[in-house]
Amino acid sequence: MSDTSRTDYDRLVERLAARGLDVGAIEQRLADHRIETPSWGYANAGTRFGSYPPAGLPSDPFEKFDDAAEVHRLTGSAPLVAIHIPWDQLDDYTALKQHAASLGLEIGTVNPNLFGDQRYKLGSLVNTDAAIRRLATDHVLECIEIARQVGSTGISLWLPDGTNYAGQDSFVARRRRLHECLAEVYAALDDEMELLVEYKLYEPAFYATDLADWGSSLLTCQKLGPKAKVLVDLGHHAQGVNIEQIVAFLDDEDRLGGFHFNNRKYGDDDLIVGSVNPFELFLIYTELAAAPKLPRLTIDQAHVIESKIEGMVLSVVNLQEAFAKALLVDRVALAERQAAGDVLGAHELLLDAFRTDVRPLTAKVREEKGAAADPVAAFRDGDWWERVGSRRTAAATTGGLGA
Ligand code: RM4
Ligand code: MN
Ligand code: MN
C-alpha cells in the first residue's frame with residue numbers, strides 16, 4: 001500500500017472507530033464476500049440490432065474460465081463461475097471442474113436454457129404439448145446431473161414462458177403444468193441442492209409471463225418445498241419497484257436464494273451493476289448485510305460495447321463498495337431512531353454510510369488477499385492482452401443474448 005493510501009486508510013479507520021464501528025469485523029465480512037460471475041458474460045453478446053465481437057473472445061468454456069480467473073485475481077472476490085447449458089455444453093464436465101480448481105475457481109450455479117430450441121416456440125415447462133414439457137424437464141434434470149458432477153449445489157432456473165395475446169392460453173392451466181414439471185425437478189434435487197426460481201416481468205413474452213414477479217416465484221417455491229428459493233434479477237421489475245423491500249421480505253421468509261446483479265435504465269438492460277443506480281444497490285446490500293449469511297450473489301450482465309473483463313472487474317468492485325458501505329450503517333442507532341419516530345434522523349444514518357468513501361477500505365481488503373488495490377487500473381495497465389487475448393485466434397463462442 002502506498003503512503004498516500006495508507007494515510008487515507010488510517011484516516012477512514014479512525015473515523016469509523018470513532019463512530020463505534022468494529023473495523024476488523026467489517027474487513028472480515030468484506031474478505032468473505034464471494035461473487036459469482038457468469039460464463040456467458042465473457043462470451044459474445046449483443047442486442048437484437050447487432051453485435052460487435054471484440055478480438056480475443058474465449059472460444060470454449062475453458063477459456064471463459066481463464067477470463068473469470070483474471071477477474072478473481074484482480075478483485076479477490078470472484079471465485080465462482082456460473083455456467084449455462086447448452087452454451088457451456090461439454091462431454092466431460094469433470095475436466096472443466098479440474099480446470100476451474102487449477103485457477104482457484106469453483107463452478108457455481110448451473111443454468112438450464114429453456115429458450116434456445118425451436119421446439120420452445122410456444123413455451124417449455126408450460127407448453128401444452130406434453131412431449132415438449134418432457135424435453136424441457138429432462139433438460140433441467142440433466143442440469144442437476146451436471147451440477148452433481150461439478151460439485152455445484154445451485155440450479156438457477158429462468159423460465160422464459162409466457163403468452164403474447166389475451167386468450168392465447170389459460171393462466172391457471174399453464175400454472176398447473178409448470179408446477180407439475182417443477183415438482184419432478186424438485187424431487188431430483190440432492191439434499192444440499194437449491195432450485196433458484198427467477199422471475200421476469202416481460203420478455204420474450206409481452207402479454208403475460210408465467211413467472212412475472214416475486215409473488216409468483218415465491219408461491220411456486222412454497223408449493224415445491226424449502227429447497228426452492230426466489231432469485232432476484234435487478235433488471236426484471238417494473239420501473240420504480242422497491243427491490244430492497246422485496247429482498248427484506250424474501251429474506252424474512254428464508255426464501256431469498258440469490259441475485260442476478262446488473263443495472264437498468266429502461267428495460268432488462270443488463271448494464272454494469274451500480275452504474276445507473278448506486279444508491280439502490282447500497283440499499284439492497286443494507287438489507288443483505290443485516291443477515292449473517294449472504295445468499296448467492298451472481299452477476300448477470302451483457303457487455304455489448306465495453307471490454308468484457310474490465311466490465312466484470314468494475315462490477316465486482318462496485319459490489320464490494322456497496323457491501324462495504326452497507327456494513328457502515330449503525331444498526332443500533334438506526335433502530336433507536338426508527339423507534340423514536342425520527343424520520344430524517346434514521347434516513348441520515350443511511351445517507352452517512354452511503355456517502356462515505358470506502359475505497360481505502362476495499363483496497364486494503366483486496367491487497368491483503370493478494371488482489372489489486374485498484375483492479376480496473378491494474379487490468380488496464382496489465383498484460384492480459386499480450387498473455388491471453390492476442391493468442392486467441394479460434395472463432396469465438398456465442399452464449400450471450402443477441403450474439
Ligand atoms: C434472462 C434472464 C436469465 C439469463 C438470460 C440470458 O433475461 O436474466 O437469468 O440467463 O436472460
Ligand atoms: Mn437473470
Ligand atoms: Mn435478464
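Is glutamate 203 buried, partly exposed or exposed, and at what relative accessibility? At 30% relative accessibility, glutamate 203 counts as partly exposed, because that class lies between the cut-offs of 20% and 50%. The structure is a predicted model, and the values below are computed from it.

**Backbone around glutamate 203 and other loops**

Glutamate 203 sits in the loop between E8 and E9. Its phi is near 85 degrees, a positive value in a residue other than glycine. The peptide bond from glutamate 203 to proline 204 is cis, and omega is near 5 degrees. Proline 204 belongs to the loop between strand E8 (194–198) and strand E9 (208–209). Most residues other than glycine have a negative phi, and most peptide bonds are trans.

A cis peptide bond also joins isoleucine 85 and proline 86, with omega about 20 degrees. Proline 86 is placed in the loop between strand E4 (80–85) and helix H4 (93–102). Aspartate 270 is not a glycine, yet has a positive phi of about 55 degrees. It is found in the loop between E11 and H9, and at 10% relative accessibility it counts as buried.

Aspartate 233 is in strand E10 (residues 228–233) and histidine 260 in strand E11 (residues 256–261), so the pair ties together parts that are 27 residues apart in sequence. Both aspartate 233 and histidine 260 are buried.

The manganese ion (ligand 3) is 3.9 Å from the manganese ion (ligand 2). Protein donors of the manganese ion (ligand 3) are His236 (NE2) and Asp268 (OD), at 2.2 Å from it. Histidine 236 lies in the loop between E10 and helix H8 (243–252), and aspartate 268 in the loop between E11 and helix H9 (278–289), so this pair ties together parts that are 32 residues apart in sequence. Histidine 236 is buried, with a relative accessible area of 4%. Aspartate 268 also counts as buried, at 18% relative accessibility, because the cut-off is under 20%.

**Ligand 1**

There are 11 residues around ligand 1, and Glu198, Lys200, His236, Asp268 and Asp300 come nearest. The shell divides into 3 nonpolar, 3 polar and 5 charged residues.

| Residue | Distance to an oxygen atom of ligand 1 |
|---|---|
| Lysine 200 | 2.9 Å |
| Aspartate 268 | 3.1 Å |
| Histidine 260 | 3.2 Å |

Taken alone, ligand 1 exposes 290 Å², and the protein buries 97% of that.

In helix H13 (residues 359–368), 7 of the 10 residues are buried, so the helix is largely enclosed by the rest of the structure. The buried residues are Pro360, Leu361, Thr362, Ala363, Lys364, Val365 and Arg366. Just after H13, glycine 370 takes a positive phi of about 85 degrees.

Alanine 335 is in helix H11 (residues 331–339) and, at 42% relative accessibility, counts as partly exposed. The C-alpha atoms of alanine 335 and methionine 193 are separated by 35 Å, and the two residues are 142 residues apart along the chain.

Notes. Residues numbered from 1 in each chain as written. Chains lettered and ligands numbered in written order. Predicted model: local features only at pLDDT ≥ 70, side-chain atom pairs only at ≥ 80, totals over all residues. Heavy atoms only, no water. Near = heavy atom within 4 Å. Polar contact = N/O pair within 3.5 Å; in protein donor to acceptor, adjacent residues only side chain to side chain. Areas by Shrake-Rupley, 256 points an atom, 1.4 Å probe, with all protein chains shown as cover. Nonpolar A, V, L, I, M, F, W, Y, C, P; charged D, E, K, R; others polar. Helix = DSSP H or I, 4+ residues; strand = E, 2+ residues; numbered from the N terminus. Buried < 20%, exposed > 50% of the residue type's maximum accessible area, 1.4 Å probe, protein only. Donors = N, O, S within 2.8 Å, 3.2 Å for Na, K, Ca; no water.
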